[in-house]
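Hello,

Here is the structure for you to look over. My notes on its pockets and cores follow below.

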Amino acid sequence: MRPRRYLTCEPTHFDVRYAINPWMREDTRVDRALARAQWETLIRAYREHGHTVETVDPTEGLPDMVFAANAALVLGGRVFGSRFHAPQRRPESVAYGNWFKAAGFDVTEAEAVCEGEGDLVPAGPFILAGTGFRTTTAAHHEVQEFFGLPTISLHLVDPRFYHLDTALFVLDDRNIAYFPDAFSPESRAALERLYPDAVIATLEDALAFGLNSVSDGRHVFVAPQAEGLIGRLADHGYVPVPVDLSEFHKAGGGIKCCTQEIHA
C-alpha cells in the first residue's frame, strides 16, 4: 500500500439525460441525494485509508463530469487530456484542463479519441490501453510517444464493458483483476501471459461493476454487489473495502469512474 492522490468531482449535476452506453436509459430517474451520500462515503473511505482527495468544481449542464477518471491520464506531472467520443461530454475536457493548469500541470490534449483512465491504465512499467468502443488505437500510439512508456493495446468486445476500467483494474505493480470474456481472444492471451496469477472475475462480478475498482496496493475499494470477486481478492491477500455506488451504475459508472488518480 502507498498513499495515493485522487481527483474527483462532486455529483451536484449528476443525471442521465442521454444514452451513450448500454447502461444508460434516457427516462432513468436519478436520486441525487442518494448519489451524493454514496459519493461522500467513497471520499471518506479514501481519506480514512490515508489518501489525498481533491475536487474539481462541477459544471452545470455536464451530468457526467462526476466521472473524473475519463478526463485524463496523469503521470509524472504531465497530463494527457481526453478527447471524448460523445459530443455531450467534450466540454468536460476544458473544465478538467483548467483545473490541471491551475494546479501547475503541463497539459496536452489528445488528437485522437481518447477517454483518459477509462481506457488507459498504468501498470508498473507499461500502460494497458483499451480500445473497441471509445479510445482509438491511434490514441494508444500518442500515449506511448507522450509518456515514453510501452503501451499494450487490448481489444474490448462486449459493449457492456465499453471502457477498460469496467473489465480490468490494477491491483499493484505486478498484478491485475479482470474479466476474460470482455476481451478478444488475442487480448486474453496477452493478459494470460503477462499476469498468470491474475484475479479472475466472473460475469456476475463484472455486471456488478466489481472491476470498476480502485486499489492502493493493499486495500481494494470495490462494489459490495461483487461478492464473488470480494472473496477472491481476500484469498489473494488484499483487503476489500466495499463502497456502494449503485446510483452511478445507472450511467454506466462506479468507483473507478469517479476517481482520477494523479500518478506521481
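**Pockets and cores**

The second largest pocket holds about 170 Å³ of space. Fourteen residues line this pocket, and Ser93, Val94, Gly97, Val107 and Glu109 lie nearest its centre. Strand 4 (78–81), helix 2 (91–102) and strand 5 each give two or more residues to that lining. Helix 2 gives the most, with seven residues. By class, the lining has seven nonpolar, five polar and two charged residues.

Bear in mind that this is a predicted model. The protein averages a pLDDT of 98, and 100% of the residues score at least 70. Confidence is lowest in strand 5 (residues 106–109), at a mean of 94, and highest in strand 13, at 99.

Now the largest pocket. Its space comes to about 490 Å³. The lining has 28 residues; Arg2, Arg4, Pro122, Glu261 and His263 lie nearest the centre. At least two lining residues come from each of strand 1 (5–9), strand 6, strand 9, strand 12 (214–215) and strand 15 (260–263). The split by class is 15 nonpolar, four polar and nine charged.

On to the cores. The largest nonpolar core has 34 residues, and Leu128, Leu168, Ile176, Phe183 and Leu229 have the most contacts inside it. Among the elements that each supply at least two residues of this core are strand 7 (126–131), strand 10 (176–178) and helix 6 (227–235). A second, separate core of 25 residues includes Val16, Leu42, Val241 and Ile255.

What is Phe183 in contact with, leaving aside its neighbours within four places in sequence? The partners include Leu154, Leu156, Leu168, Tyr178 and Arg188.

Best wishes

Technical notes: Residues are numbered from 1 along each chain as its sequence is written. This is a predicted model: local features need pLDDT of at least 70, side-chain atom pairs count only at pLDDT 80 or more; totals for chains, interfaces and linings use all residues. Side-chain values use heavy atoms; hydrogens and water are left out. A nonpolar core is a set of buried Ala, Val, Leu, Ile, Met, Phe, Trp, Tyr and Cys residues joined through side-chain atoms within 4.5 Å. Buried means under 20% relative accessible area, exposed over 50%, partly exposed in between (1.4 Å probe, protein chains only). Helices (H or I, at least four residues) and strands (E, at least two) are DSSP runs, numbered from the N terminus. Contact means heavy atoms within 4.5 Å. pLDDT is the predictor's confidence in each residue, from 0 to 100. On a 1 Å grid over the protein atoms alone, a cavity is a set of points where a 1.4 Å probe fits but cannot get out, and a pocket is an open set with protein on both sides within 12 Å along at least five of seven lines; lining residues have an atom within 4 Å of a point. Grid points are joined across faces, edges and corners, and a volume is the space filled by probe spheres set on the points. Ala, Val, Leu, Ile, Met, Phe, Trp, Tyr, Cys and Pro count as nonpolar, Asp, Glu, Lys and Arg as charged, and the others, Gly among them, as polar.
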